Amino acid sequence: SSNMENDASLKFRQQLFLISENLVTEDVTALKFLCMDLLQLSKLEGVKSGVDIFRLLMAQEYLNVEDTFLLAELLYRIKCHSLLEKLGYTKKKVQERLHEKGRISPYRQMLYELSENITNEMLKEIIFLLQNHLPQRWITPCALDLLTLLEKQCLLTKDNVQILEDVCKTVSPVLLEIIDCYKKAKVDGVFLFQPKVGLKYMALEALVLEALKIFFFLTVGVGAFCPHHQLRLWSLAAKSCLLHTDQNPDAKPFFCTFFFSFLQTISSYKMDGPHRGFCLIINNVNFNRSQRKGSCKDVEQLESVFTWLGLDVRTYTDLTSGGIINLMQTWQRVQDHKDRNCFICCILSHGESGAIYGTDGKLVPIRTLTTHFTAKECPQLAAKPKLFFIQACQGYNIQRPVYVDTDGPTPDASPMQERLSESIPEEADFLLGMATVDGCVSFRHIEEGSWYIQALCRKLQLLVPRGEDILSILTEVNEDVAKCVDSSGTKKQMPQPAYTLRRKFIFPIPMAPPPS
């Protein structure tokens, strides 16, 4: 066992020696600089080779046979990727573990990033501007030495980079942008992105913050960008992707998706409050002469899916027309709406054109229900999205399959659309999802539930994790239901949404997997 340990130790030191042999003077200088937060400066000043650094790291137990990740991170930072294989790492493996095990601080990364972008001409200009802070006849071999000197003089710290900002404003906007990224990635001294991930990842945070500023201060009208700032946001998105592809080409798709998704999100409804919202489910099953079998299956799915989406679900069964109106009045006055992002109401019942039945056989106009939640009647939900999903017939007509063959004229659907739009208030922020078009029946399986509600729940589970907005999801629901057909093959159904939404409605992606 002792011999095996000795052999492993010898092999490990041989690996370190080979790595050191492949490091040039500039690499050693870079390693020294990156280790300044880990090792005593007095000891680092005596370093002449990679072996000297490795010896110091081993003495402080940062580096040993069992754990070589710090050295792997250092080699990764200075872009000596070919040497990683001598430690059993690849560039990708290091990137994957930086979040968990990275030790180089964001501040140190920022300074090193600066040094990599300072040309010889820039260095001369910086030295000229900083003459009053430098020793007389002091010769600066490289940018890292200059930065080290400023740190020794306490002119430069992780919490005060003002001296760098002042000179970079004059010398180069590119250098100033690197410093801005570092500063903006911190909020009250805390990095929003994990510091271990790296400065270039934190730069994304800075770009996001800049995009937010542009959005809030420079937008024109509700949800609209003036052309100049649209271009600026797209430029930021492109820059975001480029910032990450030089060290990690595989990150490009992720950051493109992230940033473009972000641009989409800032023109959508706010959905990041402490509570998502309430979801009411009214399930009318038992009527005087009939029973809506299979409706309980719909309720199970709705409760499961909307709970998964973060809503506080409340279910009410077998309400009369008066009971439905009383319930709307009760929820209209709920003060807790002010802390919620949205309001959702699902009604499963019988119905006719523009109305639903209470269990007493009396009709309640859908518009009567929705108008309880206008900004005037329910100020707590003002400017927040209100979604109503209605599973009920809207008449007695049965939709038949149509086999498209020619380019002949089709019936004008505008009167139907007008009748549907009458069911929602004239003001903004409402969506009404109807199981069927006006005048027609909707179908429900007595065991599996209704075509519409089952499709809605399936598509929410499938498409919310992909970041789709509600109108895109309802379009998919339309397609799903349109493919349904009864056992005889002669009866069809087409759902129909109507809305006055001003922005995209996007559910935040739940942490938990979909319920089914």
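How many nonpolar, polar and charged residues does the lining of the second largest cavity have by class? The lining has 10 nonpolar, no polar and no charged residues, where Ala, Val, Leu, Ile, Met, Phe, Trp, Tyr, Cys and Pro count as nonpolar, Asp, Glu, Lys and Arg as charged, and the others, Gly among them, as polar.

The structure is a predicted model, in which local features need pLDDT of at least 70 and side-chain atom pairs count only at pLDDT 80 or more, while totals for chains, interfaces and linings use all residues. Residues are numbered from 1 along each chain as its sequence is written, and side-chain values use heavy atoms, with hydrogens and water left out.

The chain contains 20 helices and 13 strands, taken as DSSP runs numbered from the N terminus (helices H or I, at least four residues; strands E, at least two). Of its 516 residues, 48% are buried (under 20% relative accessible area with a 1.4 Å probe, protein chains only). Among contacts (heavy atoms within 4.5 Å) with a separation of 6 or more, 73% join residues 24 or more positions apart.

Two cavities of 30 Å³ or more are present. A cavity is a set of points on a 1 Å grid over the protein atoms alone where a 1.4 Å probe fits but cannot get out, and lining residues have an atom within 4 Å of a point. Grid points are joined across faces, edges and corners, and a volume is the space filled by probe spheres set on the points. The second largest cavity holds about 50 Å³ and is lined by Leu114, Ile118, Ile126, Leu130, Leu146, Leu147, Leu150, Leu164, Cys168 and Leu175. Helix H9 (143-152) and helix H10 (162-171) are the elements that give two or more residues to this lining, and H9 supplies the largest share, 3 residues.

Helix H7 (residues 106-117) packs with helix H11 (residues 173-184) at an angle of about 170°, the axes lying 10 Å apart. Axes are lines fitted to C-alpha atoms over the stretch in contact, and angles run from 0 to 180 degrees between N-to-C directions. H7 and H11 are therefore roughly antiparallel (over 145 degrees). Pro106, Tyr107, Met110, Glu113, Leu114 and Asn117 of H7 meet Leu175, Ile178, Ile179 and Tyr182 of H11. This contact has 8 nonpolar, 1 polar and 1 charged residues.

Helix H5 (residues 69-77) has 9 of its 9 residues buried, so H5 is largely enclosed by the rest of the structure. The buried residues include Glu73 and Arg77. Lysine 79, which follows H5, has a positive phi near 65°.

Technical notes. Angles under 35 degrees count as roughly parallel, over 145 as roughly antiparallel, 65 to 115 as roughly perpendicular and the rest as oblique. On a 1 Å grid over the protein atoms alone, a cavity is a set of points where a 1.4 Å probe fits but cannot get out, and a pocket is an open set with protein on both sides within 12 Å along at least five of seven lines; lining residues have an atom within 4 Å of a point. Buried means under 20% relative accessible area, exposed over 50%, partly exposed in between (1.4 Å probe, protein chains only).
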